[in-house]
Amino acid sequence: MLPARIDVGSVSKRMGSYSDESRSIESRTKIYEELVGFLPPRIEARFHVTGAIDPTMLRLQEEAREHGMYPKCFDVKTAQLLLFGMLLMDLSDAAVLHGVAARKAGASWDEMQAVVNLCYLFRGLSAANRGAEILARICEQEEGTGRD
């Protein structure tokens with residue numbers, strides 16, 4: 001369900017290496033590993049491409065993401081459930097990442113299904129179908145890790 005990873009070597013050779021002096025790529029990667037358990041491929045691409053060509057933009061993007069994704073009024077689980085639902089409404093493939101993050105933050109299957117149900121009310125069967133598929137894929141992934 002995830003896109004293929006980029007060839008970091010080719011990107012570095014043709015575009016240059018990650019050059020954001022404000023934070024190392026390892027430091028930037030850590031938050032994603034904590035949130036979803038790995039660095040998603042498209043985020044990896046943005047780190048290496050934008051981090052080589054326009055590191056100031058990467059820094060600004062990450063500051064905005066951090067500010068928006070971790071509001072003081074919501075816990076991580078609630079924010080991730082909201083993001084899962086918003087992305088599912090658009091049938092975005094990024095919904096799966098925020099579904100994984102919601103589960104990692106403690107969301108129950110009932111809460112995940114409730115978000116799918118809310119999306120169904122306003123998006124229709126395509127959201128219900130995609131949501132069920134995502135929940136099944138997350139279940140399969142968790143089965144491999146032994147998580148309930």
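This is a predicted model: local features need pLDDT of at least 70, side-chain atom pairs count only at pLDDT 80 or more; totals for chains, interfaces and linings use all residues.
Q: Why is Arg-65 called buried?
A: The relative accessible area of Arg-65 is 17%. Buried means under 20%. The value falls under that cut-off, so Arg-65 counts as buried.

Q: What makes the pair Arg-65 and Glu-62 a polar contact?
A: Their side chains come to 3.0 Å. The cut-off for N or O atoms is within 3.5 Å, with one able to donate a hydrogen and the other to accept it. The pair therefore qualifies.

Q: Which residues does Arg-65 touch, not counting those up to four places away in sequence?
A: Arg-65 touches Ile-31, Tyr-32 and Tyr-70.

Q: How do you know that the span of helix H7 agrees with its number of residues?
A: H7 runs over residues 109–123, which is 15 residues. At 1.5 Å a residue, H7 should span 21 Å. The end C-alpha atoms are 20 Å apart, so the two values agree.

Q: Which residues of H7 are buried, and why are they said to lie on the same side?
A: The buried residues are Met-112, Val-115, Val-116 and Cys-119. They cover an arc of only 100° around the axis, so they share one side of H7.

Q: What covers the buried residues of H7?
A: The cover includes helix H5 (76–89), helix H6 (95–104) and helix H8 (125–145).

Q: Which exposed residues does the face of H7 turned away from its buried side carry?
A: That face carries Asp-110, Leu-118 and Leu-121. Exposed means over 50% relative accessible area.

How values were computed:
Residues are numbered from 1 along each chain as its sequence is written. Side-chain values use heavy atoms; hydrogens and water are left out. Helices (H or I, at least four residues) and strands (E, at least two) are DSSP runs, numbered from the N terminus. The expected span of a helix is 1.5 Å times one less than its number of residues. Buried means under 20% relative accessible area, exposed over 50%, partly exposed in between (1.4 Å probe, protein chains only). The arc is that of the directions from the helix axis to the C-beta atoms. Contact means heavy atoms within 4.5 Å.
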